[in-house]
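I opened this notebook to record what I looked up in one protein structure.

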Amino acid sequence: ELTVRDFILGVGDDQTDEDLFAALPESAWSVYVGNKASKARYSVANPAEVRRMLRRLITAKHGSHGTAA
């Protein structure tokens, strides 16, 4: 059972990831990497944007003292 503290992030870039996106709970963040139609809630253009998103999540969690590079 998920709690308020649980955070689920699914990231993928091809057709095989669509099953994952469909199976994730509504509270999960699903991110498709690319510009095709997807079941994911969000999309980014490329892997560099995924890294940028992850850095921002770390910073949001840890404030300016995060260790993201």
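The entries below follow the order in which I looked things up.

**Entry 1: the model.** I noted that this is a predicted model, in which local features need pLDDT of at least 70 and side-chain atom pairs count only at pLDDT 80 or more, while totals for chains, interfaces and linings use all residues. Residues are numbered from 1 along each chain as its sequence is written, and side-chain values use heavy atoms, with hydrogens and water left out.

**Entry 2: the fold.** I found two helices and three strands in the protein chain, in the order β-α-β-β-α along the sequence. Helices (H or I, at least four residues) and strands (E, at least two) are DSSP runs, numbered from the N terminus. I then looked up burial: of the 69 residues, 23% count as buried. Buried means under 20% relative accessible area, exposed over 50%, and partly exposed in between (1.4 Å probe, protein chains only).

**Entry 3: the aromatic rings.** A pair of aromatic rings is described by the distance of the centres and the angle of the planes. Rings of Phe, Tyr and Trp (its six-membered ring) pair if their centres lie within 6.5 Å; planes under 30 degrees apart count as stacked, over 60 as edge-to-face and the rest as tilted. I recorded two aromatic pairs in the structure. The ring centres of Phe-7 and Trp-29 are 5.6 Å apart and the planes stand at 65°, so this pair is edge-to-face. Phe-7 lies in the segment before β1 (9-12) and Trp-29 in strand β2, 22 residues apart, so the pair links distant parts of the chain. Trp-29 is partly exposed, at 32% relative accessible area. Phe-7 is partly exposed at 47%, as is Tyr-42 at 41%. Phe-7, Trp-29 and Tyr-42 form one aromatic cluster.

**Entry 4: the largest pocket.** Which residues line the largest pocket? I listed Trp-29, Val-31, Tyr-42, Val-44, Glu-49, Arg-52, Met-53, Arg-56 and Leu-57. By class, the lining has six nonpolar, no polar and three charged residues. β2 (29-33), β3 (42-44) and α2 (47-62) each supply at least two lining residues, and α2 gives the largest share, five. I also noted the terms: Ala, Val, Leu, Ile, Met, Phe, Trp, Tyr, Cys and Pro count as nonpolar, Asp, Glu, Lys and Arg as charged, and the others, Gly among them, as polar. A pocket is an open set of points on a 1 Å grid over the protein atoms alone, where a 1.4 Å probe fits, with protein on both sides within 12 Å along at least five of seven lines; lining residues have an atom within 4 Å of a point.
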